[in-house]
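Student: I am new to this structure. Could you please show me how its features are to be read?

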Amino acid sequence: MSGGASPATPLVTVEGIHTYYGKSHILHGVSLEVGPGEVVGLLGRNGVGKSTTLKTVMGLVRPSQGEVRYEGGTITGLAPHRLARLGIGYVPEDRRIFRLLTVMENLRTGLDRTGVDDQRKQALLDKVYQYFPVLADRRNQAGGTLSGGEQQMLAIARAMMLEPKIILLDEPTEGLMPRMVTQIRQIIEALHREGVAILLVEQNVPLTLEACQRIYLMEKGMVRHQATAAALRADAAVIHQYMGV
Amino acid sequence: MSRRAPVAFWTGFGVVLALLIVAPLVLPEFWRRFVTEILIWGLLAMSSDILIGYTGMISFGHSAFFGLGMYGAAAALLSVRPPNLWLALLYGLVAAAVVAVFVAYFSTRLRDIYFSITTLVFSQIFYVIIFTWTAVTGGENGLTFSRPALGIPGLFSVAFDSNTLHWFVLAVVTVSYLVLRRITQSPFGMVLQSIRENEPRTRAVGYAVERYKIVAVMLSGVFAGLAGVLYALQNRFAAPDFVFFVVSGEVVIFNVMGGIGTLVGPIVGAAFFLLLREGFSRFFTEFYLIPVGIIFTAMVIFMPQGLLGFLRRRLNQ
Amino acid sequence: MPILLDQIVIQTINGIVTGMILALVASGLTLIFGIMDVVNFAHGELFMLGAYVGVTTIVATGSFWLALLVATVVIGLLGAIIQVTTLRPLLGRDPLTTILATFGLSLVLQNYALWQFGPVARKIPEPFTGHFSLFYLDYPWYRLVIAGLSAAIIGALWLFLKFGTYGIWIRATTQDRVMASAMGIPVPWVHTAVFAIGAGMAAASGVLFGPLVGVNHAMGLDWVLKAFIVVVVGGMGNLGGSIAAAIFVSLLEAYASLWVSPAQAVIVSFVVLILTLLFRPTGLFVPTPK
């Protein structure tokens, strides 16, 4: 593993994770770190285990070995709803918005938390409608009636309702038009400015290089290489090696 | 699904068989009948295991096959003079088979829960028909009849006594067990198990899954009907209570308690349940189902492999 | 066929009354299935125990309405306890194990009732008497009131699900349990709450239905079977569908009992189920998936 400055007190640490789906050994000892407010990318071909890594962090899949730490404490094996409350947001591949709930109700699944007064809730909603005006227009429409791009916006907005410290973004630009890809990039930048950390899984290399500060490269269930985005921009060959692009 | 080496298996089999043959000679009357009843319910549970354990279809309809076997035998014994054992068997098996075809046709196209509910509904349909068609079935009161003689017309005829009935039942159940065992170990049986493991894949490989399921239901139904005939012979009456779906539920309990997919397990389960019932009845009278039900529910949660599975794991340690 | 119009009208009203109570029982069942894939075989016993709690409360206090409330709350709590102790450990296992576990529970509950209350049927007196003339019958007001109350309870449930935070949580969990959890919704507790609500609704039906028939330990059996049929015919997990199916099946049975005995009229619901499974297995009142 070549260089890339890792933060001193990481927000999320994944250490030596082995995960199985039934009998398939998907993750063979994955380790990575995300610092507070950092935008970190996870690149790799289809099937190397990028999504599984995110799911393991989010507690959707239980690792057979290894540890996940958040803000210093171990979170391996905790139920996802606890992690969401602790400040980890999740935007899955294929979005998974609640199709039969309206846009507003989708947002409320994250917004309706104890200890958040109405003023703060309204402020959150206003912010999200500012970022995604299209959602404001469609707020009473059922989630299933939105277009693919709009659903992606909703999925991200919904995660933002949790006021998370880190958002796990799984292939947000898959299947989107170039205009929307740009919008996603702008959202990531805006979130970064607010101090939200992001762990971005992507197959879109240029976007990842632009948006992230550090990037991990995965192959066959392991992290093989780690570098700053700047270093990788300078040396494209490394990426070709792992992405086969 | 027994993995014991053949020698060990046949030795065990022989020992158990010997014990069962000797049983009526040494046990008091009550326990004699008890053992015979265990065998009959065991046969019923075994038949159900074909579906539950080997094909992965939980049937709540076995009371229909059992009951129809019983009533079929009753019909033969009441309508033909002198009452003929073999005719009773024939009528009973045919009745059960016909019902099985009927049920199979409708329910096998459904999966999982829908299959279970449909079989339950069918057993209730037959219950209602039998309960209300008083002219033919005796309605609520059922039918009583006398036991036929064991014999082959023209060759010999011996009246059944408690012992010979027990041995007859034992013979029938043993043969049934061996036949079912052979079937489950045959290619047909393997296909059934593959349906249980992964139905879509079995279908994709090219097997006509529906047909296998129908045959499985029929097989299961016929042996359940056989158990019904034996029960009729043992007790000399047929009643609608046996067609009520709770009986099907009890059969499922035997299967789960003993260990599904083992053929022997359900018999063990039946024995276990009946012993528990006997034991608890002493203390709880007719409320034995409270503790037995609790034990059953606990077993579903903590010992899903049943007694046999539990013992097997213990022995392997 | 000399069936008079007034008989048809009477049976229509009877059918609707029974249908509304059946709808109340079935809604709980379909809600539970929709959200956690549990086929609750013990639902009929919750109905029965609700009726018994009602009987006991009335004997103690004389108030029908208090009995209704107490039964709903007590059995709701029982439902929560059952879910936490028996069903949570089974999460993630083969769904058929929940059928077995709830079946075992139904045996326990049924025999417990037999043990505690004996085999003789009890009666819940009607909260108010009073009839009105319907053709040649004195039709009791009470029956119409039960139908109205059942509808009101179902309506309240619908409102609760539609608005309110917890309603959103329940609907989200029903649609996508995993994502709901990832959004911070405490899914295990939502499951417990829904089971408790279903149990409470079954108990309420038991009390409401009590005055119409005798309360005895076996009353759950018929209802559980009918409720299952209704849930399947209406589309499993489909609340509106099960209500429509409940009324539909009850009406058909009511009309059928003009010709055959009530014991045989039951076959009607079986036939409806079988036809539904053959031709529209996702449910009669569910639009066929495209």
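This is a predicted model: local features need pLDDT of at least 70, side-chain atom pairs count only at pLDDT 80 or more; totals for chains, interfaces and linings use all residues.

Tutor: Residues are numbered from 1 along each chain as its sequence is written, while chains are lettered from A and ligands numbered from 1 in the order in which they are written.

Student: How many helices and strands has chain C?

Tutor: Helices (H or I, at least four residues) and strands (E, at least two) are DSSP runs, numbered from the N terminus. Chain C has 11 helices and two strands, in the order α-α-α-α-β-β-α-α-α-α-α-α-α from the N terminus on.

Student: What percentage of the residues of chain C count as buried?

Tutor: A residue is buried if 20 or more other C-beta atoms, placed from the backbone, lie within 10 Å of its own. In chain C, 53% of the 290 residues count as buried.

Student: Why does His62(B) count as buried?

Tutor: His62(B) counts as buried because it has 32 C-beta neighbours inside 10 Å. This residue lies in helix α3 (residues 62-79) of chain B.

Student: Which residues does His62(B) touch?

Tutor: Two residues are in contact if their C-beta atoms, placed from the backbone, lie within 7 Å. Not counting residues up to four places away in sequence, His62(B) touches Leu44(B), Ser48(B), Ala224(B), Ser248(B) and Val251(B).

Technical notes: A residue is buried if 20 or more other C-beta atoms lie within 10 Å of its own, exposed if 12 or fewer, and partly exposed in between; C-beta atoms are placed from the backbone.
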